[in-house]
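Here are some notes for a colleague who is opening this entry for the first time. Please keep the structure in view while reading.

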Amino acid sequence: MQCMMKEVCAQCLQKHVDPVTGEETIIFSCFNQDQEMDRVDFPNLAARLRQNTVQEKLVEPVVRSPDARAVMAAHLRAVA
Ligand code: FES
């Protein structure tokens with residue numbers, strides 16, 4: 001799960017393929033966490049996860065910086 005808001009960010013999109021008809025469907029895996037394994041397109045899942053890895057590696061130093069922590073702490077104090 002990426003955004004934890006269900007069907008908002010679309011980073012969790014998952015392709016399913018019906019094993020009988022071959023019909024392809026796209027689902028939000030954050031909203032549909034119990035998926036039938038024979039419908040999951042695992043090569044597609046692996047490709048999507050590799051894409052997310054790039055974003056995660058680029059954002060992590062920013063998120064972990066002292067400035068980001070100070071901004072987050074101030075935001076949390078403001079909304080509390
Ligand atoms: S995790 Fe954001 S829409 Fe699914």
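1. A definition comes first. A residue is buried if 20 or more other C-beta atoms lie within 10 Å of its own, exposed if 12 or fewer, and partly exposed in between. By that rule, helix 2 is hardly covered: among its 14 residues, the count of buried residues is 0.

2. Please keep in mind that this is a predicted model. The mean pLDDT of the protein is 89, and 98% of the residues score at least 70. Where is confidence highest, and where is it lowest? Strand 2 (residues 24-28) has the highest confidence, at 95. Helix 1 has the lowest, at a mean of 88.

3. Now the layout. The protein has 2 helices and 2 strands. Their order from the N terminus is β-β-α-α. The protein is more spread out than a compact globule, because its radius of gyration is 17 Å, well over the 12 Å that the globule rule gives for 80 residues. The C-alpha atoms fill a box of roughly 55 × 25 × 15 Å along the principal axes.

4. Burial is next. Of the 80 residues, 2% count as buried. Helix 1 is hardly covered, and the count of buried residues among its 22 residues is 0. Strand 2 is hardly covered too, with a count of 0 among its 5 residues. As for contacts with a separation of 6 or more, 31% of them join residues 24 or more positions apart.

5. The helices can be checked for length. Helix 1 covers residues 42-63. At 1.5 Å a residue, its 22 residues should span 32 Å; the end C-alpha atoms are 30 Å apart, so the two values agree. Helix 2 covers residues 66-79. From its first C-alpha to its last, helix 2 reaches 20 Å, close to the 20 Å expected.

6. How do strand 1 and strand 2 pair, parallel or antiparallel? They pair in the antiparallel sense, over 5 bridges. H16 stands opposite T25 in strand 2. The hairpin has 6 residues between the strands, and G22 takes a positive phi near 80° there.

7. Look at Q14 next. Q14 lies in strand 1. Is Q14 buried or partly exposed? Q14 counts as partly exposed because it has 18 C-beta neighbours inside 10 Å, and a buried residue needs 20 or more. Beyond its neighbours within four places in sequence, Q14 is in contact with I27, S29, V40 and L45. V63 is another matter. Q14 and V63 are 49 residues apart along the chain, and their C-alpha atoms are separated by 26 Å.

8. K15 also lies in strand 1. With 17 C-beta neighbours inside 10 Å, K15 counts as partly exposed. Which residues does K15 touch, not counting those up to four places away in sequence? They are E24, I26, D41 and N44. K15 and N44 are 29 residues apart in sequence, yet their C-alpha atoms are 6.8 Å apart in space.

9. For Q14 the list includes I27 and L45. For K15 it includes E24 and N44.

10. Finally, two backbone angles deserve a look. Most residues other than glycine have a negative phi. K6 is not a glycine, although its phi is positive, at about 60°. K6 is found in the segment before strand 1 (13-17). K6 is exposed, because 12 other C-beta atoms lie within 10 Å, and 12 or fewer is the cut-off for that class.

11. E7 has a positive phi of about 65° although it is not a glycine. Like K6, E7 is found in the segment before strand 1. How is E7 classed, exposed or partly exposed? E7 counts as partly exposed, because it has 13 C-beta neighbours inside 10 Å.

How values were computed
Residues are numbered from 1 along each chain as its sequence is written. This is a predicted model: local features need pLDDT of at least 70, side-chain atom pairs count only at pLDDT 80 or more; totals for chains, interfaces and linings use all residues. Helices (H or I, at least four residues) and strands (E, at least two) are DSSP runs, numbered from the N terminus. The radius of gyration is taken over C-alpha atoms; the globule rule is 2.2 Å times the number of residues to the power 0.38. Two residues are in contact if their C-beta atoms, placed from the backbone, lie within 7 Å. The expected span of a helix is 1.5 Å times one less than its number of residues. pLDDT is the predictor's confidence in each residue, from 0 to 100. Two strands pair if DSSP finds at least two bridges between them.
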